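Subject: Structure handover

Hello,

Here is the structure for you to look through. My notes on it follow below.

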Amino acid sequence: MDMEFFKQPEVPSSFDLHEVYLSTKAQVAKQLSVTAEFEYEHGGAGLILPMQAYADYAFNPALTVRTGIFYVPIGLPAPTRCAATRTG
């Protein structure tokens, strides 16, 4: 979360929530689970963007296949990962 707190004399206190992330995961079946992560940005139009969305299917304990949009934990991060640099 990224936020600012405002306190001024004789004015009710308030805060400005810049962005919030919501992650959800559900076990759909014994071998199938789905995961989704969304980001809310208040700047401009108040965007709600999908950050990750994928499904995992476990054929057996040693073999699970993941499909969808997800981040791979190797290599250099994409410059558009940060909300402040993303356009569109």
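First, a definition: a residue is called buried under 20% relative accessible area, exposed over 50%, and partly exposed in between (1.4 Å probe, protein chains only). By that scale Val28 is exposed because its relative accessibility is 54%.

Two points on how to read the rest. This is a predicted model, where local features need pLDDT of at least 70, side-chain atom pairs count only at pLDDT 80 or more, and totals for chains, interfaces and linings use all residues. Residues are numbered from 1 along each chain as its sequence is written, and side-chain values use heavy atoms, with hydrogens and water left out.

**Confidence**

pLDDT is the predictor's confidence in each residue, from 0 to 100. The mean for the protein is 79. A pLDDT of 70 or more is reached by 70% of the residues. Among the elements, strand β1 (residues 2-8) has the lowest mean, 63. Strand β5 (residues 63-69) has the highest, 95.

**Overall build**

Helices (H or I, at least four residues) and strands (E, at least two) are DSSP runs, numbered from the N terminus. The protein has five strands and zero helices. From the N terminus the order is β-β-β-β-β. Of the 88 residues, 14% are buried.

Accessible areas come from the Shrake-Rupley method with a 1.4 Å probe; for residues, only the protein chains shown count as cover. The protein exposes about 7,000 Å². Carbon and sulfur atoms supply 64% of that area.

Contact means heavy atoms within 4.5 Å. Take the contacts with a separation of 6 or more: residues 24 or more positions apart account for 16% of them.

**How the strands pair**

Two strands pair if DSSP finds at least two bridges between them. β3 and β4 pair in the antiparallel sense, over ten bridges. Glu39 has Leu49 in β4 as its bridge partner.

β4 and β5 are also antiparallel, over seven bridges. They form a hairpin with two residues between them. Ala53 stands opposite Ile69 in β5. Ala58 faces Thr64, again in β5.

**The salt bridge**

How many salt bridges does a search of the whole structure find? One. The term needs a side-chain nitrogen of Lys or Arg within 4 Å of a carboxyl oxygen of Asp or Glu. The side chains involved are those of Arg66 and Asp56, at 2.7 Å, N to O. Arg66 is in strand β5 and Asp56 in strand β4, so the pair links distant parts of the chain, ten residues apart. Asp56 counts as buried because its relative accessibility is 9%. Arg66 is at 40%, so it is partly exposed.

Ser33 sits in strand β3 (residues 32-41). Is Ser33 buried or exposed? Ser33 is buried, because its relative accessible area is 6%. Leave aside its neighbours within four places in sequence, and Ser33 is in contact with Lys25, Ala26, Gln27, Val28, Tyr54, Ala55 and Asp56. That list includes Asp56, the salt-bridge partner of Arg66.

Val28 is in the loop between β2 and β3. Not counting residues up to four places away in sequence, Val28 touches Ser33 and Val34.

Lys30 is exposed because its relative accessibility is 82%. Its C-alpha atom is separated by 8.5 Å from that of Ala58, 28 residues apart along the chain.

**A nonpolar surface patch**

Patches are made of residues with over 30% relative accessible area and no salt bridge: like charges are joined within 9 Å, nonpolar side chains (Val, Leu, Ile, Met, Phe, Trp, Tyr) within 5 Å. Which residues form a nonpolar patch on the surface? Leu22, Phe38, Tyr40 and Ile48 do. Together they have about 390 Å² of accessible area. Ile48 lies in strand β4 (residues 47-60). At 60% relative accessibility, Ile48 is exposed.

Best wishes
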